[in-house]
Amino acid sequence: MKHIDSAPSTPGKFKIEKSPYNRLRLHSSLAKPTFWSLVFLGLIFVFFYRSPPHTTSDLSRRSLRTTFYRDANFEKRVRASAKIRSTNGISVLVTGAAGFVGTHVSAALKRRGDGVVGLDNFNHYYDPSLKKARRALLQRTGVYIVEGDINDASLLKKLFQLVPFTHVMHLAAQAGVRYAMENPRSYVHSNIAGLVSLLELCKEANPQPSMVWASSSSVYGLNTKVPFSERDRTDQPASLYAATKKAGEEIAHTYNHIYGLSLTGLRFFTVYGPWGRPDMAYFFFTRDMLKGKPIPIFEAGNHGTVARDFTYIDDIVKGCLAALDTAEKSTGSGGKKKGPAQLRVYNLGNTSPVPVSDLVSILERLLKVKAKRLVMKLPRNGDVQFTHANISLAQRELGYKPTTDLQTGLKKFTQWYLSYYGSGKKSAR
Ligand SMILES: O=C(O)[C@H]1O[C@H](OP(=O)(O)OP(=O)(O)OC[C@H]2O[C@@H](n3ccc(=O)[nH]c3=O)[C@H](O)[C@@H]2O)[C@H](O)[C@@H](O)[C@H]1O
């Protein structure tokens, strides 16, 4: 898997002794604060203003990005994609539309006659050819995906000028709990800076759209009270990914409070299914089992079971659409709040956790191969031992009712996997 950002920028590696400024510091007490101010400003620059991809091709793509949307064809495509074809239909900007959940949600909205415009930066966190294949799939249903980043304020502004979106389905994010230790800045870039960039546009828009966005089951972190309820504590994240999603929930509170934006966060529980994410365990277990490679299965201390409340994509899509359909209008306009607005958070899980070893047994039966199980200790890099959703709030307020068990869902996934990659030669990266 290629990484978004391989440029080293670890502040700990900053070798202050070798700096020429060091000598100046010894000779002038006046220079001391200046030197440290420079170091401080430098660090701020490195952490907050440098966007993750920095290759030459990325830079040229960025300059293209700022101009391509002045093209009349671009405007025509966006408007056509945003066209509402049903009575009471809504007009939705879907961020992360070439992602796993984004593709399924966009297709479902389009199918029922809503206007949908996609936005995706097609980054290289996992194989972008899968994202392009999802884009082709959506193109056939009439959904156009604009290639761009949620941090690109002028692009967002342009899209809001072209289409008075009633709703934003915000699914663009840096996902994955373990990768956060490799590339922490990409999480800040997408899940915090990107979210704020989008909320800034939403708050300025007239009319303001209602936003539904992807939070995560990982916000429950080290919480041990099961099943996880929205009322439980979420102040002990076990990964930076979880921390950025939790920060997103607090940021949502602020924009709701100050600007009257209607905001709904959905805590997804380990979503799986066809067209899924190759970085997730069920996906790469399938790939590696078919190749005869060993698969690492985590267990907690004292041979404790590691389990997940795996949730099938179609159930998640129903939850997303229900959240959009029950979202009240934002109350502000042009950056001004006119009254209190809706602020919601829901668990979208399956309510039946399954041990990871059972998931592997199901895959063995479906793929007709014996897994080479490599049982190992749960690494301390962000994983939690189990997740289990209490979904009564979503049931009551969204009519959310998951109907797909893991066996059925994985059957659909493996059928898709084998038809997309074949059983061996062309396998997922
Ligand atoms: O609900 C979420 O909010 C998150 O769900 C997903 O995270 P997780 O639930 O951790 O899924 P995933 O990596 O597939 O690991 C599944 C299981 O396999 C175990 N696991 C994993 C890797 C491995 O090599 N071995 C192993 O046993 C592992 O310990 C775990 O028990 C999304 O990736 C994340 O973006 C976020 O959306």
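A residue is called buried if 20 or more other C-beta atoms lie within 10 Å of its own, exposed if 12 or fewer do, and partly exposed in between, with C-beta atoms placed from the backbone. The structure is a predicted model, in which local features need pLDDT of at least 70 and side-chain atom pairs count only at pLDDT 80 or more, while totals for chains, interfaces and linings use all residues. Residues are numbered from 1 along each chain as its sequence is written.

**View 1. Gly142 in its loop.** Gly142 lies in the loop between helix 6 (128-141) and strand 3 (144-147), where helices (H or I, at least four residues) and strands (E, at least two) are DSSP runs numbered from the N terminus. Because 15 C-beta neighbours fall inside 10 Å, Gly142 counts as partly exposed. Leaving aside neighbours within four places in sequence, Gly142 is in contact with Ser81 and Lys110, a contact being a pair of residues whose C-beta atoms, placed from the backbone, lie within 7 Å. The C-alpha atoms of Gly142 and Ala82 are separated by 9.4 Å, although these residues are 60 residues apart along the chain.

**View 2. The two faces of helix 7.** In helix 7 (residues 153-162), the buried residues are Leu155, Leu156 and Leu159. They cover an arc of only 100 degrees around the axis, which puts them on the same side of helix 7; the arc is that of the directions from the helix axis to the C-beta atoms. The face turned away from this buried side carries the exposed residues Ser154 and Gln161.

**View 3. The largest nonpolar core.** A nonpolar core is a set of buried Ala, Val, Leu, Ile, Met, Phe, Trp, Tyr and Cys residues joined through C-beta atoms within 7 Å. The largest one has 97 residues, of which Val92, Met169, Val212, Cys320, Ala323 and Leu324 touch the most other members. Helix 11 (residues 313-326) gives the most to this core, with eight residues. Not counting residues up to four places away in sequence, Val92 touches several residues, among them Leu109, Phe165, Met169 and Leu324.

**View 4. The shell around the ligand.** The ligand is surrounded by 18 residues, the closest being Ala175, Ser216, Met280, Ala281 and Phe298; a residue belongs here if its C-beta atom, placed from the backbone, lies within 6 Å of the molecule. Strand 8 (residues 294-299) supplies the largest share of this shell, three residues.

Note on methods: Two residues are in contact if their C-beta atoms, placed from the backbone, lie within 7 Å.
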